[in-house]
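Please work through the following exercises with the sequence and the structure at hand. Each task is followed by a solution in steps.

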Amino acid sequence: MNQHLPRRELLKQLAAGAIGASVLGSGLLLSGAASAAPSTTGALKGNIRHSVSRWTYGDLSMEELCLLVKSLGFSAIDLVGPEDWPVLKKHGVDSSMCNGAELNLTDGWSDPKFHPELIKRYLKHIDLVAEAGYKNLICFSGNARGMDREIALQNAVTGLKQILPHAEKRGVVLQMELFNSKVDHPDYLADGSAWAIELCKRLNSENFKLLYDIYHMQIMEGDIIRTIKDNHQYFGHYHTAGVPGRHEIDDSQELNYAAIAKAIRDIGFTGYLAQEFVPTPKTKEGRAQSLAQAIRICDV
């Protein structure tokens with residue numbers, strides 16, 4: 001598996017490689033997860049609000065993923081669109097980061113030629129998110145394509161200001177995700193905390209925050225804990241993954257996620273910390289165990 005594939009392409013490959021008719025029953029799947037980390041089941045500390053990104057467990061149906069997260073003691077899934085919200089509601093699982101309004105990951109708010117379509121889509125999606133009782137809606141800067149970074153910043157402000165009043169009215173928080181441009185997303189504009197924080201300052205709205213992806217920012221700038229402590233007021237959501245490789249967050253990689261989770265806890269953060277690593281085991285039970293282990297590491 002190529003860990004450097006874009007999110008949507010990787011999701012397609014995961015789906016294409018799914019077991020299909022021989023999918024394991026949810027009972028077996030859940031027993032595997034429970035045996036992996038019995039201490040997590042029904043015994044989370046409650047200091048961190050846990051979630052998991054839907055695309056990284058694309059081999060599971062939404063029903064299966066809801067059952068898995070509930071078996072591990074939490075109840076939120078990231079990057080879920082309106083078509084799957086009924087399944088989440090059936091299981092009492094939150095859509096911790098909604099998606100579906102974006103065009104893609106490269107055509108974003110920093111280029112004015114995309115503004116008309118983005119404005120139309122986001123105004124509609126803000127209503128969908130609010131009416132479903134959810135809060136967070138992802139957005140993207142898009143790629144630079146040779147654009148000056150200050151001009152790109154001004155463009156993003158101009159575009160986002162046309163939807164922020166509606167988001168404020170409906171109680172929806174727009175969250176721009178930070179990506180690395182070194183490994184996974186070449187030419188992406190919001191590839192560092194400084195540019196994105198300046199965008200937050202210029203917009204000056206509690207309904208615009210940053211999705212601080214720890215994996216991406218470790219690749220681009222490091223200094224994760226200091227950055228979180230100094231700038232947490234701008235960060236509305238967090239993603240995890242191991243560096244290098246974007247796999248499990250265990251001791252095979254360079255980040256100390258227990259310490260990072262403690263820093264997030266200690267700043268009084270009340271949003272979600274979502275697992276977004278690509279699990280390496282070949283079996284569903286093994287992948288469930290990877291998620292159980294990650295939740296245990298971050299449950300501080």
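The model is predicted: local features need pLDDT of at least 70, side-chain atom pairs count only at pLDDT 80 or more, and totals for chains, interfaces and linings use all residues. Residues are numbered from 1 along each chain as its sequence is written, and side-chain values use heavy atoms, with hydrogens and water left out.

**Exercise 1.** Determine where histidine 115 lies and whether it is buried or exposed.

Step 1. Histidine 115 belongs to helix α5 (residues 115–132); helices are DSSP runs of H or I with at least four residues, strands are runs of E with at least two, and both are numbered from the N terminus.

Step 2. The relative accessible area of histidine 115 is 7%, so it is buried (buried is under 20%, exposed over 50%, partly exposed in between, with a 1.4 Å probe and protein chains only).

**Exercise 2.** Classify glutamine 233 by its accessible area and locate it.

Step 1. Glutamine 233 sits in the loop between α10 (224–231) and β7 (235–240).

Step 2. With a relative accessible area of 38%, glutamine 233 is partly exposed.

**Exercise 3.** Describe the surroundings of β7.

Step 1. Strand β6 (residues 208–213) is parallel to β7 and is joined to it by four bridges; two strands pair if DSSP finds at least two bridges between them.

Step 2. Strand β8 (residues 272–275) also runs parallel to β7, with three bridges.

Step 3. Six of the six residues of β7 are buried, so β7 is largely enclosed by the rest of the structure.
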